[in-house]
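Hello,

Here is the structure I said I would pass on. My notes on what was found in it follow below.

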Amino acid sequence: MGEPLKPLKSSKPLHIGIVGAGKISGAYLSTLERLTSVRLTAVTDLDRSRAQAVADQAGGEMAVVPSVADLVARDDVDAVLNLTVPAAHADVALAALGAGKHVYGEKPLAANREEADAVLMAAREAGLRIGCAPDTVLGTGTQTARKAVDDGLIGRPVAATAFMTTAGHEKWHPDPEFYYQPGGGPLLDMGPYYLSALVHLLGPVVKVTGASSRPRAERTIGSGPRAGHTFPVEIDTHITGVLEHADGALSTLVMSFDIKAARLPRIEVHGTDASLSVPDPNGFDGTVELHRGDAWEALPVSAGYPDAGRGVGLADLADALADDRPHRASAELAAHVLDIMLTLMDAADQGRALPVNSMWERPAPVGGH
């Protein structure tokens with residue numbers, strides 16, 4: 001089994017201030033409130049009522065503060081959990097780092113390479129930690145699959161496939177326009193989950209090629225008070241890519257808002273001796289299956305944080321501080337994933353293969369080794 005979510009070795013937990021009290025905050029609270037390695041101390045949001053709701057959910061022990069500046073200035077905040085909208089990720093991270101606070105944020109790390117580089121540089125100069133979702137790769141699903149690959153159960157990795165196909169988020173989201181504007185789309189929305197898993201399994205990506213399309217110029221909202229409202233599509237909504245990993249394996253990626261239905265696997269990894277079926281990278285667990293030539297067989301859980309949820313990456317960062325080791329859901333990984341996605345979009349626009357210039361070293365596995 002993988003490591004449990006253990007408390008800090010230090011007697012003092014890491015005090016956390018939350019910036020952003022939207023829907024995702026509830027998932028984080030359900031994980032963080034059962035850990036002794038962190039303590040939630042403050043929260044802020046543009047909508048004070050939402051911040052108050054988060055404080056109430058946490059048992060009323062969190063201070064509700066009026067602004068990011070007020071939150072990062074507090075003595076009872078050691079690290080900032082950044083749950084703002086993607087466009088604000090870099091600004092909030094820089095404010096926290098400037099105030100001497102560690103940061104853990106939702107994906108993506110930043111809106112572009114320049115912002116990501118600025119955040120990484122600020123953290124290095126301040127000697128502070130910065131982590132970034134997704135932390136789903138630290139669960140038993142991806143980590144058990146990684147152990148199978150590392151232990152040579154599939155032989156030498158040759159190829160992988162990753163598919164995220166849906167008809168579009170406007171079917172269920174009441175305000176879906178941002179998914180179809182610059183900064184949105186299936187790759188930037190869901191790609192971090194799939195690409196983080198692929199590079200955990202197969203290592204960094206060094207080159208990409210791809211193609212993209214925009215089959216529909218308009219979309220219609222399918223639920224909520226604005227159902228029936230039509231809006232323009234400003235970006236490509238179907239993206240196909242081929243990723244070349246540093247060790248030579250090739251991954252085929254399909255990210256689409258244009259597929260009505262499919263029976264495609266989430267992720268599969270194929271080697272010279274066997275094939276591996278990997279569970280949904282948007283989740284923490286799931287069954288890993290191995291096919292050695294006769295039939296699929298379920299592998300026992302052998303690595304990863306068990307019973308994990310959103311926020312396990314922050315808990316891992318807290319333990320890493322206490323253990324003086326690198327944390328696993330790192331900003332460097334998030335920056336590499338962002339670079340892969342942006343380079344793939346450039347390659348699709350230009351119709352040619354492009355190098356991925358960022359590099360990243362795989363972190364230590366979670367248990368099992």
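Gln-143 lies in helix α6, which covers residues 140-150. This is a predicted model, and that applies to everything that follows. Gln-143 has a relative accessibility of 1%, so it counts as buried. Leaving aside neighbours within four places in sequence, Gln-143 is in contact with Val-137, Leu-138, His-200, Ala-303, Gly-304, Pro-365 and Val-366.

Tyr-305 sits in the loop between β16 (296-298) and α8 (312-323). Its relative accessible area is 2%; the cut-off for buried is under 20%, so Tyr-305 is buried. Tyr-305 and Asp-316 are eleven residues apart along the chain, and their C-alpha atoms are separated by 9.7 Å.

Asp-307 belongs to the loop between β16 and α8 as well. With a relative accessibility of 67%, Asp-307 counts as exposed. Asp-307 is not a glycine, yet its phi is positive, at about 55 degrees. Asp-324, in the loop between α8 and α9, also has a positive phi, near 55 degrees, and is a residue other than glycine. Asp-324 counts as exposed because its relative accessibility is 68%. As background, most residues other than glycine have a negative phi, and most peptide bonds are trans.

There are cis peptide bonds to look at too. The bond from Lys-107 to Pro-108 is cis, with omega near -5 degrees. Pro-108 is placed in the loop between β5 (102-105) and α5 (113-126). The bond from Ala-133 to Pro-134 is cis, with omega near 10 degrees, and Pro-134 is in the loop between β6 (130-132) and α6.

Is Met-341 buried or exposed? At 1% relative accessibility, Met-341 counts as buried. Apart from residues up to four places away in sequence, Met-341 touches Leu-187, Leu-188, Gly-191, Pro-192 and Leu-195. Val-356 is 15 residues from Met-341 in sequence, and the C-alpha to C-alpha distance between the two is 9.5 Å.

Next, the core. The largest nonpolar core contains 108 residues, and Val-269 and Leu-276 have the most contacts inside it. Not counting residues up to four places away in sequence, the residues that Leu-276 touches include Ala-145, Ala-148, Val-149 and Ile-154, along with Val-269, Val-288, Leu-290, Trp-296 and Leu-299. Glu-268 and Glu-289 are also among the residues touched by Leu-276.

Last, the chain as a whole. It has nine helices and 17 strands. For 369 residues, a compact globule would have a radius of gyration near 21 Å, and the 20 Å of this chain agrees with that. Along the principal axes, the C-alpha atoms fill a box of roughly 55 × 50 × 35 Å. Buried residues make up 56% of the 369. Of the contacts with a separation of 6 or more, 72% are between residues 24 or more positions apart. The accessible surface comes to about 15400 Å², and 51% of it belongs to carbon and sulfur atoms.

Regards

Methods. Residues are numbered from 1 along each chain as its sequence is written. This is a predicted model: local features need pLDDT of at least 70, side-chain atom pairs count only at pLDDT 80 or more; totals for chains, interfaces and linings use all residues. Side-chain values use heavy atoms; hydrogens and water are left out. A nonpolar core is a set of buried Ala, Val, Leu, Ile, Met, Phe, Trp, Tyr and Cys residues joined through side-chain atoms within 4.5 Å. Buried means under 20% relative accessible area, exposed over 50%, partly exposed in between (1.4 Å probe, protein chains only). Contact means heavy atoms within 4.5 Å. Helices (H or I, at least four residues) and strands (E, at least two) are DSSP runs, numbered from the N terminus. The radius of gyration is taken over C-alpha atoms; the globule rule is 2.2 Å times the number of residues to the power 0.38. Accessible areas come from the Shrake-Rupley method with a 1.4 Å probe; for residues, only the protein chains shown count as cover.
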